[in-house]
Amino acid sequence: MHQDFGYRDPAAEPLAERCGLAFQLTNIIRDVKEDVAVGRVYFPQEDLAQCGLAAADLAGPQIDVARFGRFWRWRATARLSATVKRKADSDVSEDSQPALWVLITIYRRLLEKIALKQYDVFTERVRLTVPRRSPF
């Protein structure tokens with residue numbers, strides 16, 4: 001048992017990796033405008049090219065948001081699915097499950113909001129609102 005790290009089963013390690021990647025991809029999507037403005041591009045050029053984009057396209061004044069949306073739709077949306085939550089409940093220690101669930105929920109809602117804006121993260125920074133009352 002790996003109590004020091006908050007999980008019972010070594011099978012939780014791939015889950016942690018998947019969650020970490022999902023969270024990081026969501027941050028990359030949300031922050032792309034700011035990152036490109038300072039010369040940072042976190043996507044492989046080959047992946048961008050598959051959707052007809054280049055890093056320079058993301059910095060231009062006329063960004064093809066629809067094309068950028070197609071680029072992200074296939075790579076990010078499924079990363080925070082309900083199956084991750086179900087798997088998390090079975091592998092992560094009971095004490096750690098609420099914190100993990102909060103993180104998964106926050107990142108899923110952020111990604112949903114980005115998707116609702118059709119991946120237009122260039123017009124304004126996508127943020128979640130803070131509820132007036134928290135259940136925690």
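This is a predicted model: local features need pLDDT of at least 70, side-chain atom pairs count only at pLDDT 80 or more; totals for chains, interfaces and linings use all residues.
**View 1. Glutamate 34 and its salt bridge to arginine 125.** The side chain of glutamate 34 meets the side chain of arginine 125 in a salt bridge, with a distance of 3.9 Å from N to O. This pair links distant parts of the chain, because glutamate 34 belongs to helix α1 whereas arginine 125 lies in the segment after α6, 91 residues apart.

**View 2. Arginine 125 and aspartate 31.** Arginine 125 also forms a salt bridge with aspartate 31, and here the closest N and O atoms are 2.7 Å apart. Aspartate 31 sits in helix α1, which spans residues 12-37, and arginine 125 in the segment after α6, so this pair ties together parts of the chain that are 94 residues apart in sequence. The two partners fall into separate accessibility classes: arginine 125, at 31% relative accessibility, counts as partly exposed, while aspartate 31, with a relative accessible area of 16%, is buried.

**View 3. A network of salt bridges.** Which residues are linked with Arg125 in a network of salt bridges? The network consists of Arg30, Asp31, Glu34 and Arg125.

**View 4. Arginine 40 and aspartate 35.** A salt bridge joins arginine 40 to aspartate 35, and the closest N and O atoms of this pair are 3.0 Å apart. Arginine 40 is partly exposed, with a relative accessible area of 39%, whereas aspartate 35, at 10% relative accessibility, counts as buried.

**View 5. Aspartate 120, a buried residue with no salt bridge.** Aspartate 120 is found in the segment after α6, the helix that covers residues 97-116. Although aspartate 120 is buried, it has no salt bridge, and the nearest side chain of opposite charge, that of lysine 117, is 7.4 Å away. A salt bridge requires the nitrogen and the carboxyl oxygen to be within 4 Å, which means that lysine 117 does not qualify as a partner at this distance. What does the side chain of aspartate 120 make a polar contact with? Its partner is the side chain of threonine 123, at 2.6 Å. When residues up to four places away in sequence are not counted, aspartate 120 touches Val65 and Val126.

Methods. Residues are numbered from 1 along each chain as its sequence is written. Side-chain values use heavy atoms; hydrogens and water are left out. Helices (H or I, at least four residues) and strands (E, at least two) are DSSP runs, numbered from the N terminus. Buried means under 20% relative accessible area, exposed over 50%, partly exposed in between (1.4 Å probe, protein chains only). Lys and Arg count as positive and Asp and Glu as negative; His and the chain ends are not counted. A polar contact is a pair of N or O atoms within 3.5 Å; within protein, one must be able to donate a hydrogen and the other to accept it, and residues adjacent in sequence count only if both atoms are side-chain atoms. Contact means heavy atoms within 4.5 Å.
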